[in-house]
Amino acid sequence: MERKEQAEVLAEAFATSFLHDKYGHDLFIGGQIEHILAEYANVIYQYVEDEEFFGVAVTHENEEQFIALNTYHPLRTRYFTASHELWHLTKYKDLDNEFFDHERAADRFAAAIMLPKALIKDLWNKLSELNDIESCIIHLSDFAQVPYLAMVRRVKELGYTIPSSLANRTEHEWRDSRIELGFPYSNLDEPVKETRFKAYEDVVKQNVEHIGLDTLIAANKLAKFAPKQAEQYQKTLYLGENDEET
């Protein structure tokens with residue numbers, strides 16, 4: 001078996017097993033993937049104006065896991081990136097085989113977990129009876145909350161034929177097409193520009209509550225990752241100063 005094929009077969013099988021163990025049947029997990037990811041790692045949401053940076057998995061020397069997601073990208077892309085990074089937290093992440101293609105496996109795992117094979121086949125067969133291929137791609141991309149390009153690749157992986165005029169489209173061209181075809185505008189095509197690191201926020205709050213960390217220092221530490229909490233600490237500080245003046 002070739003290197004690419006080996007990675008795809010293992011990732012597809014593990015994704016099917018993962019979904020079955022967690023939910024018992026096929027379904028679209030969509031944005032729920034970020035909640036699943038948070039069960040396995042500390043998730044850091046960063047806004048980085050870099051089209052080439054999607055996300056990264058990092059293991060600290062104490063074995064704690066961290067996943068960073070770039071919120072610069074539309075939600076569809078962000079969710080698919082989250083599912084890709086989930087592969088790097090699985091029992092296969094340390095597979096010590098120089099010939100094993102982990103990035104290819106992560107891509108196939110993301111496709112398989114966001115777009116379950118049996119579910120996609122069933123829906124594709126039904127939708128294609130009443131819709132053209134272009135509309136089927138958009139319908140299913142909305143159901144699954146994935147990029148249009150990911151849906152095109154998945155449909156091709158499952159043995160369906162996609163005309164080259166559609167297979168070669170960019171993500172931007174698909175967004176334009178949905179409007180031309182009369183589909184409603186989708187918020188999934190836009191980013192949610194947020195910066196958030198819940199685990200870090202919790203540590204700072206614990207230090208304030210149990211160790212007496214100065215609230216000004218805490219506010220400065222949280223200004224980027226938890227601005228609302230930082231604002232609360234600043235208000236507490238100002239209230240304290242007013243009390244002293246009184």
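A charge is taken to sit over a ring if NZ of Lys or CZ of Arg is within 6 Å of the ring centre and within 35 degrees of the ring normal. In the predicted model described here, Arg196 is placed over the face of Tyr45, at 4.2 Å from the ring centre. Arg169 lies over the face of Trp174, with a distance of 4.7 Å from the ring centre. The model is a prediction, in which local features need pLDDT of at least 70 and side-chain atom pairs count only at pLDDT 80 or more, while totals for chains, interfaces and linings use all residues. Residues are numbered from 1 along each chain as its sequence is written, and side-chain values use heavy atoms, with hydrogens and water left out.

With residues up to four places away in sequence not counted, Met114 is in contact (heavy atoms within 4.5 Å) with Phe28, Ile29, Gly30, Ile33, Tyr79, Phe80, Ser83, Ala144, Gln145 and Val146.

Across the whole structure, 18 salt bridges are found, each defined as a side-chain nitrogen of Lys or Arg within 4 Å of a carboxyl oxygen of Asp or Glu. One of these joins the side chains of Glu12 and Arg154 (2.8 Å, N to O). Because Glu12 belongs to helix H1 (residues 3-23) and Arg154 to helix H7 (residues 148-157), the pair ties together parts that are 142 residues apart in sequence. Both Glu12 and Arg154 are buried, where buried denotes under 20% relative accessible area, exposed over 50% and partly exposed in between (1.4 Å probe, protein chains only). A network of salt bridges links Glu8, Glu12, Arg104, Arg108, Arg154 and Glu157.

Other salt bridges lie within single helices. In helix H5 (residues 117-127), Lys126 and Asp122 are four residues apart and therefore separated by about one helical turn; their side chains meet at 2.7 Å, N to O. Lys126 is partly exposed, at 48% relative accessible area, as is Asp122, at 37%. In helix H10 (residues 198-211), Asp202 and Lys198 are likewise four residues apart, and the closest N and O atoms of their salt bridge are 3.0 Å apart. Asp202 is partly exposed at 26% relative accessible area, and Lys198 at 47%.

The structure contains 13 aromatic pairs, for which rings of Phe, Tyr and Trp (its six-membered ring) must have centres within 6.5 Å; planes under 30 degrees apart count as stacked, over 60 as edge-to-face and the rest as tilted. Phe18 and Phe109 form an edge-to-face pair, 6.3 Å centre to centre with 75° between the planes. This pair links distant parts of the chain, with Phe18 in helix H1 and Phe109 in helix H4, 91 residues apart. Both Phe18 and Phe109 are buried. Trp124 and Tyr160 form a tilted pair, 5.6 Å centre to centre with 40° between the planes. As Trp124 lies in helix H5 and Tyr160 in the loop between H7 and helix H8 (164-167), the pair ties together parts 36 residues apart in sequence. Trp124 is buried, with 4% relative accessible area. Phe14, Phe18, Tyr40, Trp87 and Phe109 make up one aromatic cluster.

Technical notes
Helix = DSSP H or I, 4+ residues; strand = E, 2+ residues; numbered from the N terminus.
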